[in-house]
Structure formats: structure tokens, C-alpha cells
There are 2 protein chains.
Amino acid sequence: MSQRLVIIGGNPAGMSGAAEARRGDPDLDIVVLERTQHVSYASCGMPYWLGGVVEPRERLLAIDLDTFREKRNIDVRLGAEATEIDTDGRAVVLSDGQRVTYDRLLIATGARPVRPPIPGIETSGVFVLRDMDSAITLKEQLPRVSGGRALMVGSGPIGMEMCENLCRNGIEVHLLEVADQLLPTLSPNVAAPVAEALVGGCTSTRLGSTLESIEPGDDGGILATIDGRTDRYDMVLLGTGVKPNSELAAAAGCALGPRNAIAIDATGRTSVEHIWAAGDCATAHHRVTGEAVWIPLATTANTQGRVAGRSITGRPGRFPGVLGSWVSSAFGVGIGATGLTVEAALDAGFDAEAIERTGRNRSGYMPGSESTIVRLVWDRSSRRLLGAETSGGDDVATRLHALAVAISARMTVDELAEVDFGYAPPVAALRDPIELAAAAVTGDAP
Amino acid sequence: MSQRLVIIGGNPAGMSGAAEARRGDPDLDIVVLERTQHVSYASCGMPYWLGGVVEPRERLLAIDLDTFREKRNIDVRLGAEATEIDTDGRAVVLSDGQRVTYDRLLIATGARPVRPPIPGIETSGVFVLRDMDSAITLKEQLPRVSGGRALMVGSGPIGMEMCENLCRNGIEVHLLEVADQLLPTLSPNVAAPVAEALVGGCTSTRLGSTLESIEPGDDGGILATIDGRTDRYDMVLLGTGVKPNSELAAAAGCALGPRNAIAIDATGRTSVEHIWAAGDCATAHHRVTGEAVWIPLATTANTQGRVAGRSITGRPGRFPGVLGSWVSSAFGVGIGATGLTVEAALDAGFDAEAIERTGRNRSGYMPGSESTIVRLVWDRSSRRLLGAETSGGDDVATRLHALAVAISARMTVDELAEVDFGYAPPVAALRDPIELAAAAVTGDAP
């Protein structure tokens with residue numbers, strides 16, 4: 001009789017794990033238990049569906065259900081909510097009491113938004129973007145709110161993407177950030193172009209401000225009190241961080257790591273026999289420090305899922321670690337970061353320093369040339385590049401790719417300054433902002 | 001009395017050499033001898049000025065003449081054509097007989113277009129794009145040719161840029177290429193998207209065809225015979241390669257290297273005492289093979305000029321070598337290459353192999369998502385990445401930056417496949433085409 005792999009969670013980590021396990025073992029009985037009615041969609045694309053940039057919703061499906069079920073012979077069960085893992089009986093217990101036995105188990109339960117503990121936070125009309133169900137609920141509300149006012153709480157990358165897409169729905173967005181700048185994980189000068197892009201748009205910004213309480217208004221609106229002042233909004237959207245869905249694993253005895261994410265090794269194994277974990281619910285090791293971290297990202301989930309799928313089917317494969325590379329676009333400004341900040345590098349024992357330089361992404365005289373800032377973090381003793389941030393033109397993501405390659409290759413800033421970059425006026429500057437920043441360290445640029 | 005540095009040539013290599021020498025020695029007497037009336041302009045931008053994309057012409061000036069003369073105290077002499085280097089007398093002899101003595105000499109004479117040796121090649125109406133003077137001459141002709149037909153001979157990157165910009169002038173361009181594909185230095189699949197972009201445009205293409213002769217027509221037109229058939233054109237533009245302006249240096253005893261470029265060491269020194277060379281007239285060593293090569297590029301010229309400026313003023317500095325990285329854009333398709341082709345790698349003794357994968361530069365469901373091909377060349381025994389080519393979206397240049405970083409860092413394809421790249425639907429795909437190509441080698445992608 002064939003062995004059974006049970007996977008809890010049908011998104012990037014779970015489904016890439018399922019697909020990879022199938023590649024490794026054509027006979028394995030693979031069951032995916034998905035709490036909602038949706039699997040294998042691009043969560044990161046949801047803001048753009050909400051904004052009407054992507055239509056219809058089905059375009060967000062990476063692979064359709066029939067492909068998984070029929071072509072790959074994976075038993076995907078929708079509406080199957082796991083409530084307990086019985087490690088002695090090797091079974092997952094579902095909310096309807098059903099038991100699904102496993103030989104090997106992959107936990108890919110993801111993460112969920114955090115609701116800040118303030119009065120009235122559960123008021124109707126206060127939304128979070130957790131999954132496709134929550135996106136559908138939110139989308140249904142948008143026509144009602146169009147022409148009205150929304151309060152967006154939090155200005156991280158996803159918050160900014162949501163802000164942009166609420167604007168696309170004709171909604172006036174009030175952006176609230178508790179820190180004293182937008183995109184607080186970025187350095188001030190790197191985040192600044194986004195703040196500039198917001199001026200004159202559909203958005204107003206309140207920095208250094210705290211949401212104190214929420215209550216329903218008389219007219220179906222929501223009254224939100226911020227720094228003592230109460231205003232009426234038609235909708236409140238929370239972008240105040242996420243936390244790992246690790247409770248099920250913890251109850252089964254799986255050791256937890258940073259931020260209470262499920263601790264796994266580089267093959268995806270948890271501390272409990274026969275149980276693997278992958279994706280936003282799990283830890284990863286950082287490629288620069290080697291330390292366990294929790295940085296939930298779709299890329300990591302996808303790769304960890306594949307690695308777990310290999311390990312589960314007895315093939316070699318190790319997760320190479322994360323740099324925490326992320327990119328985004330906010331109101332036409334590309335943003336992104338990879339590797340360590342100065343603060344994180346100092347914490348990790350590096351003699352870290354940062355430098356920033358602004359240049360053009362294309363020759364300054366060409367249409368489409370945009371100002372681009374590159375910030376490099378490096379170690380003064382080894383000269384090694386440890387981290388980078390950038391914002392600016394439409395090619396920020398691939399510029400960050402170059403910086404992620406450099407960090408992965410353990411390049412020094414001196415070596416980075418000496419890379420032979422291509423140049424042509426319509427697509428690249430004579431000296432790319434990366435080169436300008438690195439060469440400023442070596443003294444070969446102002 | 002202060003020492004005198006004489007620089008022959010006022011473009012990237014010469015002027016960056018002058019500026020760097022000034023930084024290194026505030027008292028040095030620096031004289032730049034420029035044959036034409038133009039210095040320090042962006043040659044690579046000339047096609048876009050011809051196309052009317054950049055106006056006025058002065059926008060192509062990197063730094064204006066007054067800045068060089070007054071702020072940097074550099075004696076820039078226009079219309080000063082060097083005809084001889086008297087190494088015994090340490091003097092440059094000009095065409096008017098004047099002698100300019102030097103203590104140190106930097107030769108930055110650049111390169112010039114090759115005119116193929118066919119009958120009638122010197123006919124009036126046959127143009128080359130050599131320098132700003134030739135660009136001005138060409139620009140004057142464009143109104144006459146608008147609405148008419150031009151023959152563009154050669155489809156290298158510059159030829160394609162010229163083609164695009166002639167089209168912008170309302171000229172029907174007939175593109176002639178002796179090889180059996182456009183952009184013959186690129187691999188066929190990488191070049192193919194450019195050929196597709198040309199379909200239905202203002203351009204017709206003849207591949208595998210040879211220009212046999214040219215003669216003036218009766219009506220001011222030009223009769224060009226290609227593969228035995230004679231057609232009338234209003235203009236012929238040659239893009240059939242360049243050669244180094246090394247005759248002056250050779251006559252002064254400087255050793256020549258590949259393609260008769262002036263042989264220099266990593267500090268820019270020629271074989272003759274007190275003489276340095278930099279830029280398109282000189283060799284460079286290849287970073288992968290270590291061999292001397294001649295790959296004239298503005299980026300190399302700029303860097304070699306700075307290195308020579310340092311060396312001339314007694315400061316350390318070595319040219320790090322070239323990868324021959326180039327990028328361009330042809331009819332909306334970004335193109336570029338870096339490092340070795342399979343053929344060059346085999347020649348250099350590597351056990352070279354190539355792989356190509358096509359992916360999206362952004363999530364496929366997003367507007368602006370473009371198909372992008374990445375070709376990787378690697379060494380089977382060491383797994384080291386040796387070269388890359390790419391074509392596709394508007395972010396090809398920065399994607400090539402990432403590949404140039406990887407080659408410079410001596411990364412293996414396995415390491416490249418494991419880089420943690422950033423992802424967000426509007427700016428990057430979940431798996432970048434670089435990752436897809438590298439992971440196809442390692443077996444972690446289809």
C-alpha cells in the first residue's frame with residue numbers, strides 16, 4: 001500500500017511541496033487539506049485584482065485545481081480545516097471530526113494578519129487582507145466605499161500596494177503610520193521618493209500617529225480615533241503586520257523559533273518525527289548571519305515547499321537560506337531591500353556602515369530616465385556587502401536582483417565597484433547607481 | 001616648473017583621464033588635443049538626437065567645456081589634430097606643424113567606423129556615424145531623406161539603434177545583414193524577439209545578403225547593388241564595425257595587441273615610456289579568460305581613462321578587466337550580453353555549455369509583463385557561469401547587471417539558482433528568468 005503525504009494548506013508552500021513530492025514519487029498518496037475554497041492563487045496579486053488591474057480573479061490562479069487533481073493526481077480537499085495533529089495516531093483531525101491519517105505531514109498553514117489590540121478592532125467594516133476569501137469580501141465592499149474615505153492603518157509594502165489600489169477604486173485613502181516615515185523598514189532617504197509620489201494624489205498621510213479606538217457610526221460608517229481625534233470613515237483596512245499560523249504545530253509538539261514560527265532545518269523538517277513545515281508558518285536561516293529568522297515571503301514559501309517536497313520523497317535538497325529580498329511598487333516608485341540593515345548587521349556582530357548614492361537609471365537626457373537611490377550596507381573589516389535598499393525607477397526590482405546576487409556571492413564593495421555593467425542611453429546609465437554607491441566607498445566616485 | 005600631461009582625444013577616455021589626473025595632481029599642466037570641435041559628449045546618445053528623442057544637441061554634453069577649462073583648469077584645444085608623436089623630443093606634432101611637448105602622454109584616440117572595401121563606398125550620400133561632426137552632417141540630411149528610403153548596412157546594436165531612429169524621421173529603412181540573423185553576435189533565440197518587433201514596422205530586412213557596389217544615381221539618389229540586384233536609396237548608412245585609431249601610437253613604437261588596438265597593461269601603460277592609452281583605441285584584459293581583447297565600449301573607455309589618470313599621477317589603480325557587457329534597445333525590445341559566448345568559452349579551453357529559458361519579467365497577469373529570455377553559458381567541470389545573453393522587457397539592462405555581477409563573482413550556476421530574488425507582481429515574477437535558467441541546469445525548474 002502506498003505511503004500518504006498529508007499537506008495542511010493549499011498555497012505556495014503547500015502546493016509547491018505537493019507538486020515536488022509528486023515529481024519525486026509518482027505513487028505517493030498526496031492529500032492537501034485547504035481550509036478555504038481556494039488553492040494555488042497568487043496572494044501577492046490580490047491587491048491588483050482589488051484595484052481592477054487584473055481581471056478576472058481566475059487570472060491569479062497559478063495552476064488550476066483540475067491540473068492538480070487530475071494531471072498530478074493530488075487529492076485537494078477544499079473547506080477542510082485541520083484542528084489537531086494526532087502525532088501518536090499519525091492523523092490530522094478536521095473541524096468536522098474526520099481523521100486523515102498520514103505517513104508524512106507537511107504543515108504549510110501560512111501566516112495571518114495581526115489585529116492590534118485596541119477597542120472596537122472587530123467592528124464590522126474593519127478589514128484585513130488575509131486570503132482570497134477576505135479579498136472577495138473586501139472587493140464586494142469597494143463599490144459602496146467608492147467616492148468615500150478609507151483609513152489604511154500601516155504603510156508597509158503591502159499597505160502601500162493596498163493604498164494604491166483603493167485609490168484606483170475612487171476611494172480617498174487616509175494613510176496612518178505609527179512610525180515617523182512611510183515604509184518604516186526602509187531607510188528614510190530610500191523611502192522618501194514614495195512620500196513625494198503621494199503628494200497631490202488621492203492619499204493623505206499621518207505619520208507618528210496611533211489608532212486608539214474604533215466604533216461603529218450611526219450611518220454605517222466607522223468612527224476611528226487617532227491621537228485623540230475622531231473621524232468618520234467608510235472603511236478601515238489593517239496592514240499592521242502578520243504572525244505565523246503555528247498553533248496547530250505547537251500543539252503537536254513542534255518546536256517554535258523566532259516570532260513563534262515553526263522551527264525547521266534546511267530540509268524543512270520540524271522537531272517532530274514525520275512532520276515537515278514550509279512557508280510563512282515556518283522559520284528560515286538567514287544567508288548572511290546563518291541565524292534562524294522569520295521573514296514571510298512568497299518566494300521563500302515557494303522554495304521551501306519545493307525543498308520539503310524533495311526531502312519528503314527522500315531526495316537531496318537544502319534550502320539555501322533567505323536574504324529577505326523584497327520588492328514592490330508604490331504609486332509608480334519601485335522599492336526594495338535585500339540582506340541586512342545596518343542595525344541588523346551591528347546586532348549580528350558586523351562592523352557595519354552604510355552609504356547612499358543617487359543616480360539615474362538611464363541616461364539623464366533620455367525620456368523615462370528616473371532618479372534612483374541605492375543604499376549599501378557593508379562590513380568595514382571584511383569589506384563584504386551585507387545588505388542593500390533601493391528606490392526609484394521601473395527597474396528597481398532587477399537592480400535589487402543584482403544586489404542580491406552580490407550579497408549571495410559574498411562580494412566585497414570593492415569587487416562590486418569593479419563590475420563591468422552594460423550601458424546604453426535608453427536602458428542604462430553610463431554608471432549605474434549601484435556602481436556609484438560602491439565606487440563612493442572605494443573612492444572611485446564622488 | 002610643473003609637469004605636463006598631454007591627452008590626445010577629448011571623449012570619454014580622454015576627458016575622464018583628464019578629470020582624474022586633475023584630482024590626483026592640482027598642479028599638473030593638462031592639455032587635451034581634440035581633432036574636432038566637440039568634447040565630452042555622450043556618443044552613445046547620438047542616435048537618439050538624430051531620432052529627435054533628445055533635443056537640443058547640447059543635452060548630450062556630459063560636462064561643458066567651460067567646466068573643464070575654468071573649474072578644472074584643463075587646457076582643451078579644439079581642432080587640434082595630432083599627426084605624429086615624437087618620442088625622442090617628447091612632443092605631439094599637430095597638423096598645423098605646432099609641437100606640444102609632454103612629460104606624460106595619454107592616447108585616447110578612439111575608434112572609427114570601417115568602410116567595407118567595395119566599389120563606390122566613398123560615394124556622397126554614404127554615411128557613417130563616427131563622431132559628433134558626422135552626426136551633425138547626418139542630421140542635416142534627414143529632412144531631405146524623410147519620406148524616402150535608406151539602406152542600413154549592418155544590424156549590430158548600433159545599427160539597430162540607428163534603424164529605429166531613422167524610422168523616427170519618417171524614413172523607410174532597408175536593413176541589410178550579411179549574417180543569417182539580425183544582431184549576429186547574439187544567439188538566434190535571444191535575437192529573435194527583435195526580428196519579431198520589426199514585423200509591420202517601417203523596416204524591411206534582408207539577411208544573408210551582401211552589399212556589392214554603390215554608385216551615384218542620376219537624381220541625387222544612390223544605387224546600391226545587393227546580391228546582384230540594384231535598388232535606389234536616398235541614403236546609405238554603414239554600421240559595419242569599427243577599428244581602433246592606433247596608427248599614431250603604432251608609428252610612435254607602441255606595441256599593438258588584438259585587432260591592432262594599442263596594447264596596454266592594467267594601469268594603462270603602453271610599451272613606450274611616458275605613454276599611456278585608454279578607451280576604444282586600446283586593449284583590455286578579459287575578466288574571465290585573462291586574455292587581452294579589444295571590445296570598444298564607452299563604459300570601458302570611461303573606466304580606463306580614470307585608471308590611466310590615477311596611474312599618470314602616481315596613484316594606485318588597476319583596470320579590473322572587461323566582461324564586454326553591453327545592452328541596448330531595439331524597437332522596444334531590450335537586448336544585451338555579458339561575458340563569453342559558448343564559442344569563445346570553448347576557444348578559451350572551457351568545457352562550455354549553454355541553456356536558455358524564457359519567463360516573464362513581471363507576473364504574467366500584470367500589465368507590462370513581458371516575455372524575457374535568458375541564456376547562460378557555463379563551464380561543465382567547474383559549474384562556473386561564464387557568460388549570459390538576454391532579451392525582452394524594459395528591465396533587460398538591470399537583469400544583465402545581475403548576470404555581470406554573478407560572472408564577476410565567479411559564481412556557479414548552482415549558486416545563481418539559489419539567490420533569494422525579490423518578487424512582487426507589478427515589478428518582478430515569482431521566479432525571475434535568471435532563476436529559471438539557472439534552476440533548469442540544477443534540475444530545480446523545468
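Copies are superposed by least squares on the C-alpha atoms of residues with pLDDT of at least 70 in both.

**View 1. Chain A and chain B related by a rotation.** This is a predicted model. Chain A is superposed on chain B by a rotation of 180° with 0.0 Å of shift along its axis, and the RMSD is 0.0 Å. The two copies are thus related as by a two-fold rotation axis. The residue of chain A that comes closest to the rotation axis is Ala402(A), whose C-alpha lies at 1.8 Å.

**View 2. The contact between chain A and chain B.** Chain A gives 59 residues to the contact, and chain B gives 59 residues. On the side of chain A that touches chain B, the elements with two or more residues are α8 (298–312), β21 (326–330), β22 (333–339) and α10 (396–408) of chain A. α10(A) gives the most to this side, with eleven residues. By residue type, the side of chain A that touches chain B has 34 nonpolar, 14 polar and eleven charged residues. Of the interface residues of chain A, 100% are also interface residues in chain B, so the copies meet through the same surface.

**View 3. Helix α10 of chain A against helix α10 of chain B.** Two packed helices are described by the angle between their axes and the distance between the axes. For α10(A) and helix α10 (residues 396–408) of chain B, the angle is about 10° and the axes are 7 Å apart. Angles under 35 degrees count as roughly parallel, so α10(A) is roughly parallel to α10(B). From α10(A), the contact is made by Thr398(A), Arg399(A), His401(A), Ala402(A), Val405(A) and Ala406(A). From α10(B), the residues are Thr398(B), Arg399(B), His401(B), Ala402(B), Val405(B) and Ala406(B). The residues of this contact of α10(A) with α10(B) are six nonpolar, four polar and two charged.

**View 4. Domain 1 and domain 2 of chain A.** Chain A is divided into domain 1 (4–35 + 43–49 + 60–112 + 243–312), domain 2 (126–238) and domain 3 (332–442). Between the C-alpha centres of domain 1 and domain 2 of chain A there are 32 Å. Five residues from domain 1 of chain A and seven residues from domain 2 of chain A take part in the contact. Helix α2 (residues 46–50) of chain A provides four residues, the largest share of the side of domain 1 that touches domain 2. That side of domain 1 of chain A has four nonpolar residues, no polar residues and one charged residue.

**View 5. A parallel sheet in chain A.** The five strands of this open sheet in chain A follow the order β3-β2-β1-β7-β18, and the pairing is parallel. β3 (74–78) and β18 (275–277) of chain A stand at the edges with a single partner strand each, so one side of each has no neighbour in the sheet. From one strand to the next, the twist averages 20°. Strand β7 (residues 104–107) of chain A is joined to β18(A) by three bridges, and the two run parallel. Opposite Leu105(A) stands Ile275(A) in β18(A). Helix α1 (residues 12–24) of chain A lies across β1 (4–8), β2 (29–34), β3 and β7 of chain A, and runs at about 175° to β2(A).

**View 6. A parallel sheet in chain B.** Chain B has an open sheet of five strands in the order β9-β16-β10-β11-β12, with parallel pairing. The edges are β9 (126–128) and β12 (203–207) of chain B; each has a single partner strand, so one side of each is left without a neighbour in the sheet. On average, neighbouring strands of this sheet are turned by 20° against each other, direction ignored. Three bridges link β9(B) with the parallel strand β16 (residues 235–238) of chain B. Val126(B) has Val236(B) in β16(B) as its bridge partner. Helix α4 (residues 132–145) of chain B packs on the sheet and touches β9, β10 (149–153) and β16 of chain B, with its direction at about 135° to that of β9(B). Helix α5 (residues 157–167) of chain B also packs on the sheet, where it touches β10, β11 (172–177), β12 and β16 of chain B. The direction of α5(B) makes about 170° with that of β10(B).

**View 7. Backbone details in loops.** The peptide bond from Glu55(A) to Pro56(A) is cis, with omega near -10°. Pro56(A) is placed in the loop between α2 and α3 (65–71) of chain A. In chain B, the peptide bond from Glu55(B) to Pro56(B) is cis, with omega near -10°. Asn260(A), a residue other than glycine, has a positive phi, near 65°. Asn260(A) lies in the loop between α7 (247–251) and β18 of chain A.

Definitions and conventions: Residues numbered from 1 in each chain as written. Chains lettered and ligands numbered in written order. Predicted model: local features only at pLDDT ≥ 70, side-chain atom pairs only at ≥ 80, totals over all residues. Pairing = 2+ DSSP bridges. Axes fitted to C-alpha atoms, helices over the stretch in contact; angles between N-to-C directions. Contact = placed C-beta atoms within 7 Å. Domains from an automatic or database assignment. Nonpolar A, V, L, I, M, F, W, Y, C, P; charged D, E, K, R; others polar. Parallel < 35°, antiparallel > 145°, perpendicular 65-115°, else oblique.
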